[in-house]
Amino acid sequence: MDWINAIVQGVLLGGLYALFAAGLSLMFGVMRFVNLAHGDFIIAGAFGAMVLVELTGLNPLWMLLVVVPVMGAVGYLGQRLVLNRVVGQDLLPSILVTFGFSVILQNLMQETFSADSRRLSAGALDTASFSLGSGLSVGAVPLLMFVAALLVLGSLNWFFARTNMGRLLRATSDDPEIIGLMGADRRHIFGIAMLLASAVVGVAAVLLAIKTNFDPAAGPIRLLFAFEAVIIGGLGNLWGTLIGGVILGVAQGVGAQIDPGFQVLAGHIVFLVILVLRPQGLFSRSG
Amino acid sequence: MVLVIVPLLAGPYWADRGTMRLLIEVFYFLALAQLWNLLAGYSGLISVGQQAFVGLGGYSIFSLAMFAGVPVLWGLPLAGLVTALIAWPTAMIAFRLSGPYFAIGTWVIAEVFRLGFAQVSALGGGSGISLPTAMVKAMAVNRSARESLTYWIALGLMLVVLLGVWLLMRSKVGLGLLALRDNEEAAVSVGVRTRPLKFAVYIGVAGLTGMLGALIFLQKLRITPEAAFSVNDWSVLVIFIVVIGGIGSLEGPILGCILFFVLREFLADLGTWYMVILGIISVMIMLIEPRGLWGIITKRHPITLFPVAHRRVG
């Protein structure tokens, strides 16, 4: 029963990982760009939610209404003001600039909030759970995370398939040069991509703050989880990232069941094995 | 050049213990910076996972000494060799990823080693292990002789790396690497064998990084997974040194290294703010002049300490 439980928890955790991964996948898909500070942005969002909760005393879930639009706005402005200058043919500047951001953010957060580990309480939701019979139960928070991942990925897919801006983003993904000829402003398109990615980061940040402990140095490992979910699922496939997240979550859950020290290691190893056997990912759009 | 190297060679005769420790640190950071620059600046292989090889080198020399009785001085080159051998299969995995994903992939691999070594109880698990005193004593007759020896090894390794990278970049291989970095498709079309070349550079750099890691932990006499595979020490600082000094030149890492240690002497008390300042300088440099401080200097005064430009002969 413990094993089945570990797998179920892993699947639900995979929802959170898919949220981490969706932002990364979106940035790479549209701009061929990866933000190495992605994990630190998630943690910064979590601290933002914490400050708001301390100020208002409301349930952290309400903070989604503030954190998501604020992260989106910060993402758009950051892209227009700074990152657009380094996105391009040469990968080096974008990697090194965002790597610098990662270090700056981590240390600023440590200076502001100390190195202590934090967690937000969602009140009665923290302990609420649904019994699935025969000793198996599912927590309300993990279930909420999974549903949130389905909603976010579903909306993104709808956005890409049905709206004009979504089509422009896909066109940019296929050929970044050609959309200039179509009269679209590439800088604005990139800004919109970053806005979406950052808004998803906002959702992930609030849920992470309720689900697990976080501290200023907890960002990089989230970047690695996001990256693993993207690669496992296959580049350019949003539902693939959900499967990738679930596989990663289950691997970690099963690893932790064997030995708590194996939790993260098991996830890494499953990722490496999939990379060796199927480098294009399980559900690559092209492969 | 002689004016710098001769006093450095004589270091143990004029420097006190604290200065020698500082210089050893300068030497290995400079060597690590040159090696990372060879990867990222010259070969287009942007790695955030070189800590994997520092740690492997450190753990190799400790294991060779403790389990095989290899004298630590023989252990140094052997640790480099072991690291290069382990780097081989890891490179085959990492090379399946490209561009920004290669960078994160190398980081994951380093994490696997960190978490893996924390599980090996024979090596002290997560709390690490010290080099047995007998092994340390066998290195030299007394403590000051051991420290002088460590100093010369560090200086020697640094000079080997510096000269090695310089000669490599002056050779046909270096020309191929530059062509590859500037335009991979064009380089392939004129017959540069991209993949084997990048692969060989990656393995070579891993081996030398492993030797440096062995030296670092031979000096520290104690190794833990956190210290051995530290992304902050062996990637963040090294990358900042290269970026600030100037990526894609041999002079840049030297300039960056000097600046890094000078800044550290003045700002280390600031703790986290010191890292924030280094981060801001690095980001500003990437936005304003990606060729770093050396790029800013050479824009006005076209000088070079290590000419790598190729002239056509015949």
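Guide: One definition to begin. Axes are lines fitted to C-alpha atoms, for helices over the stretch in contact, and angles run from 0 to 180 degrees between N-to-C directions. Bear in mind that this is a predicted model.

Visitor: How do helix H5 and helix H6 of chain A pack, roughly parallel or roughly perpendicular?
Guide: H5(A) covers residues 140-162 and H6(A) covers residues 164-174. Their axes lie 5 Å apart, at an angle of about 85°. Angles of 65 to 115 degrees count as roughly perpendicular. So H5(A) and H6(A) are roughly perpendicular.

Visitor: Which residues of H6(A) meet H5(A)?
Guide: On the H5(A) side are A:Phe159, A:Phe160, A:Ala161 and A:Arg162. By class, this contact has four nonpolar, one polar and two charged residues. The H6(A) partners are A:Gly166, A:Leu169 and A:Arg170.

Visitor: What is the angle between helix H3 and helix H13 of chain B?
Guide: H3(B) spans residues 17-43 and H13(B) spans residues 231-245. Their axes are 9 Å apart. The pair is roughly perpendicular, because the angle is about 75°.

Visitor: Which helix of chain A gives the most to the side that touches chain B?
Guide: The contact takes 34 residues from chain A and 33 residues from chain B. On chain A, helices H4 (91-113), H9 (219-233) and H11 (263-277) each supply at least two residues of that side. The side divides into 26 nonpolar, five polar and three charged residues. With 15 residues, the helix that gives the most is H4(A).

Visitor: What is the radius of gyration of chain B?
Guide: Chain B has 16 helices and two strands. Its C-alpha trace spans about 55 × 45 × 45 Å along the principal axes. A compact globule with 314 residues would have a value near 20 Å, so chain B agrees with 19 Å.

Key
Residues are numbered from 1 along each chain as its sequence is written. Chains are lettered from A and ligands numbered from 1 in the order in which they are written. This is a predicted model: local features need pLDDT of at least 70, side-chain atom pairs count only at pLDDT 80 or more; totals for chains, interfaces and linings use all residues. Two residues are in contact if their C-beta atoms, placed from the backbone, lie within 7 Å. Helices (H or I, at least four residues) and strands (E, at least two) are DSSP runs, numbered from the N terminus. Ala, Val, Leu, Ile, Met, Phe, Trp, Tyr, Cys and Pro count as nonpolar, Asp, Glu, Lys and Arg as charged, and the others, Gly among them, as polar. Angles under 35 degrees count as roughly parallel, over 145 as roughly antiparallel, 65 to 115 as roughly perpendicular and the rest as oblique. The radius of gyration is taken over C-alpha atoms; the globule rule is 2.2 Å times the number of residues to the power 0.38.
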